[in-house]
Amino acid sequence: MTAYDSPSNPPSSASAGANRRTVLKAGAVAAAATGSAFALGKGGIGPFAPAEALAEDGAIFRHGVASGDPLSDRVILWTRVTPSPEATPGSGAGPEATVQWEMASDASFGAIERAGSVVTNGDKDHTVNVDAGGLAPDTWYYYRFNCNGQTSPVGRTRTAPAPGANPGRARFGVVSCSNWEAGFFSGYRHLADRGDIDAVLELGDYIYEYGNGEYAGPNGSVRPHDPAWDIVSLSDYRRRHAQYRTDPDLQRLHAHVPWICTWDDHEIANDAWERGAENHEPGQGSYEDRKRNGAQAYFEWLPIRPQSLRDGGQLYRRFGWGTLAELSMLDLRSYRSEQPKFYEGRAIDDPGRTMTGAAQFDWLTGGLTSSSARWNLVGNSVMITPVLLPPLDPRVTKALTDLTGLPEEGVPYNADQWDGYAAERRRLFDTIADAGIDNCVFLTGDIHTSWACDLPRRAASPAEGLVGAEFVVPSITSNNIDDMIGLPEGNPLSDAAETALPAANHHIRWVDLDRHGYGVFELTDGFAHMDYFAVFSREDAGTGTYRMGGWRKPHGSGPIQPAGPLP
């Protein structure tokens, strides 16, 4: 069932066997990766190649620059400074530092349009988050920082179109699940090489919390985690974020376009819920403390507004892209009920259990029903499509159940995804259907594999119609099926599963279980389109990429359709 644009038979990568945590949840073809060099918005900016941060001793800007959460008149600017040798990430040490920032409409900064300064210190891990306002809508800007006589690499960012304007088109990179130990973040580089991306939607698992070797690739750790243990303390989380931010491809994509992020579980701990997590051990102290530590580091190290849950903020938030789209980014870990145990029978149908929490559910449904945008997008960290596992080869079944959390003996729901919160999903789908909303697209990560799905109001009753579509993007590096069963990509067992899953779930239109990569998502008035890209080898820092295929949802109530590549 898997179709590839180029090459027709992509090369496989050998696997030596599955070396994974048993409690785990789940330069060739350059033209396909590069795409066309047009820019969406004022200024006609094409491909942008930011300089990398300096890493040598004495360099102040070692972790690059970033921007995020673009509105029509403002955007978050981010960096981290090392003002003295002892001011290492997580240390809390080092002097207070004043950091200047400036924005211009040209990369040479010939005309400074906005500027200011901010003070940071060890209490903030020497990170800087600036909410730069007073900007023009639908406009590209360049930005940089200065501290103690050193100037940062230059970043590029943009604002969203004005609320009443129709930009006609928007194009986003879509990424999820980047595990440092499992490989290099080459997918980020290929997205940065494009000249046609307005922003990146990051759908969770930006970092992983495991210690060295606990969740490596099939051939072991490509590069070891720091710290070497499961991260628990605030210092631990800060060090882990800092390590990920030394990756040159991650730095480059952050400097290339603004990001809009949400978390899944591994930013804190595996299979997290409101008051616990699957891999939080009694000897690791209070889970509330661990959750608070992970959240603080996350808000320090990512360009997100607001910047502190402790100050009454929330991670779920909404963005407008003119009249073309409204994007609701969800937080599906902070408020959810504990995942049901499979021996608890029909606990998934308990209406008292929640994935979103009551306030977030009302916020989501209220936004969907009141939206006047052409498209309603939902940034959704765990899969919402109902999935029933068909009979498969035992090895594939074992890999799928480990990856998605399904039991081996046939219970047809993933308790960590929306399948484990079926009553609330029914409420959400009923709200969408009863309101006559026919423009919903869910964009999802989490399960390290690629899916294109129609969303049925009731999976068992196709006649009740569809409530939208879901596009699930592959992992940047995190293990998927071939890695876990110890076979090459495109092996017969994976191929059989890719045929059997849509056969048992007719609303699942396409699935790829083996490849790592990213998505490129485009919106116009007429369609929502996802192109799926894969890298040849996550263990090769210079690897190329190729397009796996594409799926398109026409505006309205119809099903998704296979589609050719975006121009």
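**View 1. Asp230 sits in the loop between β10 (199–202) and α3.** Helices (H or I, at least four residues) and strands (E, at least two) are DSSP runs, numbered from the N terminus. This is a predicted model, in which local features need pLDDT of at least 70 and side-chain atom pairs count only at pLDDT 80 or more, while totals for chains, interfaces and linings use all residues. Residues are numbered from 1 along each chain as its sequence is written, and side-chain values use heavy atoms, with hydrogens and water left out. Is Asp230 buried or exposed? Asp230 is buried, because its relative accessible area is 15%; buried means under 20% relative accessible area, exposed over 50%, and partly exposed in between (1.4 Å probe, protein chains only). Asp230 and Ala269 are 39 residues apart along the chain, and their C-alpha atoms are separated by 9.1 Å.

**View 2. Helix α3 (residues 234–244) meets helix α5 (residues 287–301).** Two packed helices are described by the angle between their axes and the distance between the axes. Here the axes come within 8 Å and cross at roughly 35°. Axes are lines fitted to C-alpha atoms, for helices over the stretch in contact, and angles run from 0 to 180 degrees between N-to-C directions. The crossing of α3 and α5 is right-handed; a crossing is left-handed if the near helix is turned anticlockwise from the far one by less than a right angle, and right-handed if clockwise. On the α3 side, look for Leu234, Tyr237, Arg238, His241 and Ala242. Their partners in α5 include Arg290, Tyr298 and Trp301. Contact means heavy atoms within 4.5 Å. The residues of this contact divide into 6 nonpolar, 4 polar and 3 charged, where Ala, Val, Leu, Ile, Met, Phe, Trp, Tyr, Cys and Pro count as nonpolar, Asp, Glu, Lys and Arg as charged, and the others, Gly among them, as polar.

**View 3. Helix α2 (residues 186–193) is mostly covered.** How many of the 8 residues of α2 are buried? The count is 7, and among them are Gly187, Tyr188 and His190. The axes of α2 and helix α4 (residues 248–256) come within 8 Å and cross at roughly 30°, in a left-handed crossing. Ser186, Tyr188, Arg189, Leu191, Ala192 and Asp193 of α2 meet Asp249, Leu250, Arg252, Leu253 and His256 of α4. This contact between α2 and α4 has 5 nonpolar, 2 polar and 4 charged residues.

**View 4. Strand β2 (residues 75–80) is largely enclosed by the rest of the structure, because 6 of its 6 residues are buried.** In a regular strand the side chains alternate between the two faces of the sheet. In β2, Val75, Leu77 and Thr79 point one way, while Ile76, Trp78 and Arg80 point the other way. Strand β1 (residues 65–68) runs antiparallel to β2, joined by 4 bridges; two strands pair if DSSP finds at least two bridges between them. Val65 and Ser67 point one way from β1, Ala66 and Gly68 the other way, and all are buried. The hairpin of β1 and β2 has 6 residues between the strands, and there Asp69 takes a positive phi near 50°. β5 (residues 127–132) pairs with β2 in the antiparallel sense over 6 bridges.

**View 5. An open sheet of 7 strands shows mixed pairing.** In what order do the strands lie? The order is β12-β13-β14-β15-β17-β16-β18. β12 (317–321) and β18 (508–512) are the edge strands, each pairing on one side only. On average, neighbouring strands of this sheet are turned by 20° against each other, direction ignored. Strands β13 (residues 325–329) and β14 (residues 375–380) run parallel, with 5 bridges joining them; Ser328 has Val378 as its bridge partner in β14. Helix α10 (residues 492–504) lies across β16 (450–456) and β18, running at about 160° to β18.

**View 6. The whole protein has 10 helices and 22 strands.** Of its 567 residues, 62% are buried.
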